[in-house]
Each structure stands twice: as C-alpha cells, then as structure tokens.
Amino acid sequence: MDTFINNLPKAELHVHIEGTLEPELLLKLATRNNIKLPYKTINEIKNAYDFNCLQDFLDIYYQGAKVLITENDFFDLTYSYFEKSALQNVKHLEIMFDPQTHTNRGVTFETVISGISRACDMAEEKLGVTSILIMSYLRHLSENEAFKTLQSSLPFKELITSVGLDSSEKDNPPSKFQNVFKASVKEGYIPVAHAGEEGNSDYIWEALNLLEIKRIDHGNNCLQDINLVNEIIKRDIALTICPLSNISLKVVENLEDHPLKEMLQLGLNITINSDDPAYFGGHINKNYQKIQQALNLSKLDIYGMAQNSFKYSFLNDDKKEQYLNDLEVYYNKNIDL
Ligand code: HPA
Ligand code: ZN
C-alpha cells in the first residue's frame, strides 16, 4: 500500500510555503542573513516543535519566517519544496504564501513573489511539476492591512491565481474580510479560506456565504452541522484535509479518531495535504500513509482522493483531464498489487 501511495500521481492543494522551511534550511538562512535564532542545532529546533494549539505553532512559524530576506531565499525555499514534491510524485502544487509575514518586516512584495515564482517556472521546466499561487491574508491583522496587500499584489496579478485566509482563526471570522475578498474577486483572484479548523461551523457558513469561497481549507468542523455538510456537497466544493497538521495542533486527538472516513461516507469531497510539512512531521505521502493505516482506507478511497486533488485544483479543464487520465492508467495498472 505504501508503494501504491508513493507512486500515485497527485496534486497538493494546501501547503504554506513558509511551512516548508526545514530545520536545515532555517539554520543555513539564519547564518547567511546573520539572523539570531533561539536555537543552534537541528535537535533544539525539533524539540521546539511541540504545539498545543494553532497559536503555539503560529508563534514559532512566524519566528522561523524571519530568516527569509532576499529573493534568493524565497527561491531556495520554494525550489527545495518542489524537489521534495517531485520525488513524491506530486504533479501539481497550489502554494499559499503570506506576503504580510514578510512585508511587515521590510521585505518587499516584489522580493517575495519574484523568488517564489522563479522557482515555480524552473520547477515546471526542470521537474515537470505545475503550480499556481494562493496569496493569503493574515486574519489576525485588519481588513485594511489586507487591502494594502491586495494593492501591492496588483502589478504581479498575472502570477497569482487565488486568494486565501489564514493565521489565528478564533475571534477572526471570515466576515471581517468580506470587503477585501469582494475586491480580490473583482481583480480575478479565486477565493479560498481556512475555516472550521479551530473555529466552529458558523465560520464555514460565513466563508461560503460572505466570501463565496471555492474550496475550504481544513473544514473539519463542518461535521457539527449536517445542513452545512449538505450545502458543501451541493455546491460541489472540496475540503483540503491535513491529517498530520490536525494531530500536531490538537484539532484531532489521534489519527484513529480522525473524521476523514466519516467525511467520505457522507459524500464530502476530500483531498489530503501537508499544510506545514516542516513543522508537522511529514510530507504529503506520509499524510496519505498515516491516515490510510489509521482508518484502514482502501486503494479505491486513496484513488478517489487523488482524483479530487486534480478535479478540485484551479487548473484548466484540459490540464485536469490530462492528469486524471494519467492517474486512471496508474490505478488500473496497480489495482491488484
Ligand atoms: N492554520 C491557519 N493558519 C496557518 C496554518 C494553519 O494550519 N498554517 C500556516 N498558517
Ligand atoms: Zn493551512
């Protein structure tokens, strides 16, 4: 089964580029940019990655991001994630980035997007992995701050496909960002949002009805409200589920209790993702493997979620069909292994 998962062609739809900063690169960039960190060794870093909730993690994640200064840093970070993804048979990546985490430290929007998008271009050319970018607003900041970020993004609009919402969910409901999402959609960005990770089902309703999102990041708490589950199915929207993230941030106590199987049984469209793989102990294939083992998922379940990863991507229909055909060929060849 692990080999079936490793070789399975797949897309990843929920990964924060800042969350792919592995301890080795963190130390290297800290040295390169002369940034002081509270840790000196890989072991010290790994010991610090012990979280009780989303906020615990975010404090460490924003601290780690401070080592990213130059265009080259953003390139190195992004390209190294593409290399890891290619080895895991990821064919397409939808990458979130948090401009405000950097612009608030004096790094320009242009520096961030230039480094990331240069890596995306090289990855397509050299590794054959396609990608799109999701610019995410930090929800602990004001809507006015998000408007400034939207404005800064406009000269680079052609490089950005989608707009998202992340950071501390509690007390920062989607309704706070209604106007900036409307303006972002007017600029052509496809709206998505983190909702129902720590926030309750009301936040998911708001994200659907006020932000008109086309995909839900996490969305675990939709199970609190069967009417919401049915609405998500009716709208044909997918959830980007992140199993190992859910364990690290104590959204779910252990993988055996993860509601993913129940979600599948209800008819929700589920995808599997890594969220912040450098911090949560595993890349995408480990997320597939661990949840498969914990819930005894079948090859057909795994195949269905890989299909969803392409179907609910923001690729054009031709490209989706091409990827889905390759995946079908793979499944038919490996079904009896
Ligand atoms: N939730 C909210 N914000 C985030 C996350 C997450 O899991 N990862 C990075 N930013
Ligand atoms: Zn996330």
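Ala, Val, Leu, Ile, Met, Phe, Trp, Tyr, Cys and Pro count here as nonpolar, Asp, Glu, Lys and Arg as charged, and the others, Gly among them, as polar. The model is predicted, so local features need pLDDT of at least 70 and side-chain atom pairs count only at pLDDT 80 or more, while totals for chains, interfaces and linings use all residues. Residues are numbered from 1 along each chain as its sequence is written, chains are lettered from A and ligands numbered from 1 in the order in which they are written, and side-chain values use heavy atoms, with hydrogens and water left out.

**Exercise 1. The shell around ligand 1**

Task: List the residues around ligand 1, sort them by class, and find which helix gives the most to the shell.

Solution: 
1. A residue is near a molecule if one of its heavy atoms lies within 4 Å of it. The residues around ligand 1 are His16, Leu54, Phe57, Leu58, Tyr61, Asp166, Ser167, His194, Glu197, His218, Asp275 and Asp276.
2. By class, the shell holds four nonpolar, four polar and four charged residues.
3. Helix α4 (residues 54–65) gives the most, with four residues. Helices are DSSP runs (H or I, at least four residues), as are strands (E, at least two), numbered from the N terminus.

**Exercise 2. Contacts and cover of ligand 1**

Task: Find which atoms of ligand 1 lie 2.8 Å from side chains of Glu197 and Asp275, then state how much of the ligand the protein covers.

Solution: 
1. A polar contact is a pair of N or O atoms within 3.5 Å; within protein, one must be able to donate a hydrogen and the other to accept it, and residues adjacent in sequence count only if both atoms are side-chain atoms.
2. For Asp275, a side-chain N or O atom lies 2.8 Å from an oxygen atom of the ligand.
3. Asp276 has a polar side-chain atom 2.7 Å from a nitrogen atom of ligand 1. The protein covers 100% of the 260 Å² of accessible area that the ligand has on its own (Shrake-Rupley method, 1.4 Å probe).

**Exercise 3. Ser167**

Task: Decide whether Ser167 is buried or exposed, and name the side chains that its own side chain contacts.

Solution: 
1. Ser167 lies in the loop between β4 (162–166) and α9 (178–186), and is one of the residues around ligand 1.
2. Its relative accessible area is 7%, so Ser167 is buried. Buried means under 20%, exposed over 50%, and partly exposed in between (1.4 Å probe, protein chains only).
3. The side chain of Ser167 makes polar contacts with those of Tyr62, at 2.8 Å, and His140, at 2.7 Å.

**Exercise 4. Asn273**

Task: Locate Asn273 and trace its side-chain contacts.

Solution: 
1. The loop between β9 (269–272) and α14 (277–280) contains Asn273.
2. With a relative accessible area of 0%, Asn273 is buried.
3. Its side chain reaches the backbone nitrogen of Leu13 at 2.9 Å, and a polar contact of 3.0 Å joins it to the side chain of Thr271.

**Exercise 5. Sequence and space**

Task: How many residues in sequence, and what C-alpha distance, separate Ser245 from Asp276 and Ser80 from Asn43?

Solution: 
1. Ser245, in helix α12 (residues 243–248), is 31 residues from Asp276 in sequence and 7.2 Å from it in space.
2. Ser80, in helix α5 (residues 71–87), is 37 residues from Asn43 in sequence and 21 Å from it in space.
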